[in-house]
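Here are my notes on the structure you sent. Please read them with the model open beside you.

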Amino acid sequence: MIKKLSLIGITLCLSLSFLVGQSVSGSVSDQNGASLPGVNILIKGTSTGTITDIDGKFAIDLGTGQEVLVFSFTGFETVEVGVDGRSELTINMLVAASQLNEVVITGYGTQIRKNLSSSISKIDAGKLNRVPASSFEGALQGRAAGVQVVNSSAVSGSAIKIRIRGTSSASANSEPLYVIDGVVMESGAISASNPGAELRDFSLQLAHNTNALSSINPNDIESLEVLKDAAATAIYGARGANGVVLITTKKGKSGKTKIDLDVQTGISEPTHKVEYLNGKEYLFLAQEAWYNGGNDPLDFWKASGVLIDGLTKEQALRTNTDWVDQVLQRGQSLNANMSVSGGNDRTRFYVSGGFRDEESIFVGNDYRRISTRMNIDHNVFDNIRIGANLMYTNIDDKTVPINWAGGVGNVISNLPIWPVYKEDGTFFNPTTNALASVELRDINFKSNTFLGSWHLNASIVEGLVFRSEYGLNLLSNHDRQYSDALLSTEGRARASSTIGTRTSWNFKNLLNYTKNLGKHYIDILGGVEMQKFNRNVNNLIGDGFFNSTLRTPQDAANLRSSFGDVEYAFLSYLGRLNYNYDDKYLLSVTARRDGSSRFGKNRRWGFFPAASVGYILSEEPFFEPIKRTVNLLKFRASYGRSGNAEIGNFAYLSTYSQSNYDNNSGVVLGNIGDDKLGWETTDQLNLGVSMELFNGRIRGEFDYYDKQTSDLLLPFPVSRLTGVNTVQTNLGEMSNKGFEISLTTTNISTKDILWETEFTVARNENKVVSLGPNVSGGIQIPGFGTTSIFEGHPIGITFVPQWAGVDPATGDDKYLDLEGNELLMRQILAQFGSFGNFATANSVVYGEPWPKFTGGFDSRFAYKNWYFDVFFTFAQGANFNSGELLSSKYAFSSSTINPHRHLLNRWRNPGDVTDVSRVDKAPTIFTRTTEYFYDVDFIRMKDLTVGYSFTPDKLFFESIGIYAKLTNFFTWTNAHNSIWDPEFVGGNSGNLNQTGFWRTSPQAKSVTVGLNVKF
């Protein structure tokens, strides 16, 4: 093909030789003198060009002979050469910096990718911005091997869960550490957005968290590095065990001032709607259950309890309410970003502003974010540079309750034969009415975030640089809520006001020395860092209002308040040595010593060392014959230690808390202290291979890792006579083992066509190795749901009885005892007295809370000015226990439930073979069993983008681009239809009780169109 194209190009050039003034010919080779076929050659500023033939030779006709030729080839630096009247040129092209010489941000420094011996994934801004997410973490999914990203819901600005190489903790926070332009940023919820949780008032809870990281505008991010192995994370010591995410924002460059404007708007809908019974189907099954329960069919309407709040039989028969449609809507969004950047040799700047306005798929959920950023660098003298990175974000979030707190979570508690409104226009049955739970609550969260860093770089002598940096993170919030009296069974309205501030600063001073000594290269870093964090929260809750116009707590008849003020500090000493011999042998040694106020006086300091080695086999002389094919072959190995200090504050102290009893205030024991309480420690081995083939057309990495976490921070159960249920302690060990593969290919690269693909896949196996010498079997932690920790099993599993299917003869459920015998319910009651007693004696460890495989596939195709990009993500191996299906099973018992449509497949007659037992009025059994476990494997088209970009003639635009994208638009899954979305945050934001879920919420799919203009 290349030969044919070359011959065609040469023929055309010869045929036009009489019409042009001069021609030039020559050859193109790489840095080793090897010929490069297929190199694109253009006359700069025109569309006239050619390509090199199989021997790397070319010929092209010119006009004046003073033109500039542009040589480009995948995997190599672009070369521009002025002809200057010459008739022959010899061109040497170097391997592109974006491949072997790509700069990778590491902790407190940078390295060239070729010389990197640790495991770091780099994601550039172009990939991050392809998914229109309100927070940058959502765009990470599938981009970096071994990084699991799960969105909690489609609520705007809600929390996102990230696990890097599995979870390394049981009860401590397992989110990675986020460092933005060198400043550690606090993640998690924005202050106490659920004041009802602290004062035990469920009417003011939301069942979802806000996300402090949503204040970062994804359009301001230049690149993102994920540090995964110990050699990369140990430099962050006691905070690096869960991985580190380094974010570098955009900076100005010397040269012409550039303006970038991007505007996009879109609409969204749920990825999937759960199907419940309609009115006729519900009545048919309800009456069948009534009859199966031994009741007189004629008594159904007056005794079954379906007619409430004045509803008549006639009204019920003609009503068919789709409660899902009442609380879900078509969402819409507008996102606009503008940046100005430029500078000269002394001063460089980047200034941006962003605006996001979003109405999500949940009725009543409106989110608005205004963000600004200014990054500036200035050379005071030739050897002294100062700079600042400043960000301010304002968020106005009108949110709604979801899950068990209301809204879409209340759909299952509303029968389809119930109307939304009564005939007088008021809400029907408002205490459980799904729409009422949204419209009769006002929830407004406002927050302001400032993130800034100021730095000074001074070159003391050749190779020795001193850097001093101060970072400041300020977050203030004012949250207001009002819950109407109609929502309360007590008939009392409630309101709350929460004012919180979070302040953290860090100050570090670093010395960095680099030196080339022949074949030896050394890079030595040493420094000291201090960090302090403070948070205070004021909650005020009022209940009992004289009229509906009064909605602030101070207008209430009764007031309750709470106040919290916590702080912690770190003092750290760090050092690192990078050594490179002859561009073949690599060594990196890192050490950090951390002291933290979070731990007991006997465990306050920790030491975290790590080392990595690399061997670039492709630099050996004997490798030269195949180096044109295999450009890079590097072997890596690392081992080191990092820690997890995210257990909250004062856990090592015995504390007391305020409590109310019979309207009297008192003090109760809140925690039993342990002055030996310390951080979790994770030791990690990493073995890896990096390679590049065919001048960078194929690039791949393979890593195997083994993470062993010791001194697990566990809530160990103790006798209630102590005044508490659990005590936080260091106990046990956990293991995460797995591998990661990433592969990038350039399939086609010609003058007009570019096709690239990228594939990532990772496998992780999590297991609790030990719970200490004094624990046999496992730990059962008291509380809502089943929380169990067992040796030899993943963290987050459950302990449940085994379901054995439905008896075809009777339609009753069968269960297995520990000996494998199948028992019907009547047999269980006869032998054990109750199902609860049976469950206690015959439960087994069950469930897969974490996917075995995760990854993504990206394919990008460009033809001239058009481009097409499609990106898929996937997860396989997890399953979850559905509390909603448990409720559906007993929909016609003591609870009022509208079941899922799978109940239509119930057993009806002897001989029926089905996995849904007969419906009846049997009392509700709240114990979860293996019956309710379902796989949640999925493949999702995360993004599909089609765009066109061009440069208008005779205008001052650099380029204009228009594009359209589909996000989360197609999902293929084996998840049960009753599950809103297979991409699910199990249980809670932590790691315990991961397999159980109850009243979850959907994700969103969207269609977006956008315009990008560069000046």
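1. Start with K228. Not counting residues up to four places away in sequence, K228 touches S119, S121, A145, I164, R165, T233, Q684 and E740. Contact here means heavy atoms within 4.5 Å. K228 sits in the loop between β15 (221–227) and α4 (230–233). Helices (H or I, at least four residues) and strands (E, at least two) are DSSP runs, numbered from the N terminus.

2. A word on the source. This is a predicted model: local features need pLDDT of at least 70, side-chain atom pairs count only at pLDDT 80 or more, and totals for chains, interfaces and linings use all residues. Residues are numbered from 1 along each chain as its sequence is written, and side-chain values use heavy atoms, with hydrogens and water left out.

3. Is K228 buried or exposed? K228 is buried, because its relative accessible area is 6%. The cut-offs are these: buried means under 20% relative accessible area, exposed over 50%, and partly exposed in between (1.4 Å probe, protein chains only).

4. Now the sheet that includes β15. Five strands form this open sheet, in the order β10-β15-β16-β13-β14, and the pairing is mixed. Two strands pair if DSSP finds at least two bridges between them. The edge strands are β10 (120–124) and β14 (183–185), and each pairs on one side only. From one strand to the next, the twist averages 25°. Axes are lines fitted to C-alpha atoms, for helices over the stretch in contact, and angles run from 0 to 180 degrees between N-to-C directions.

5. Look at one pair in that sheet. Strand β13 (residues 177–180) runs antiparallel to β14, and three bridges join them. I180 stands opposite V183 in β14.

6. A second open sheet has four strands. Their order is β3-β2-β5-β6, and the pairing is antiparallel. β3 (49–51) and β6 (79–82) each have a single partner strand, so one side of each is left without a neighbour in the sheet. Neighbouring strands are turned by 20° against each other on average, direction ignored.

7. Which residue in β5 is the bridge partner of I43? The partner is L69. Strands β2 (residues 40–43) and β5 (residues 68–72) pair over four bridges.

8. Last, P899. This residue lies in the loop between α12 (883–889) and β48 (933–935). P899 counts as buried because its relative accessibility is 0%. Leaving aside neighbours within four places in sequence, P899 is in contact with Y276, L277, Y282, S888, A891 and F892. P899 and S888 are 11 residues apart along the chain, with 4.3 Å between their C-alpha atoms.
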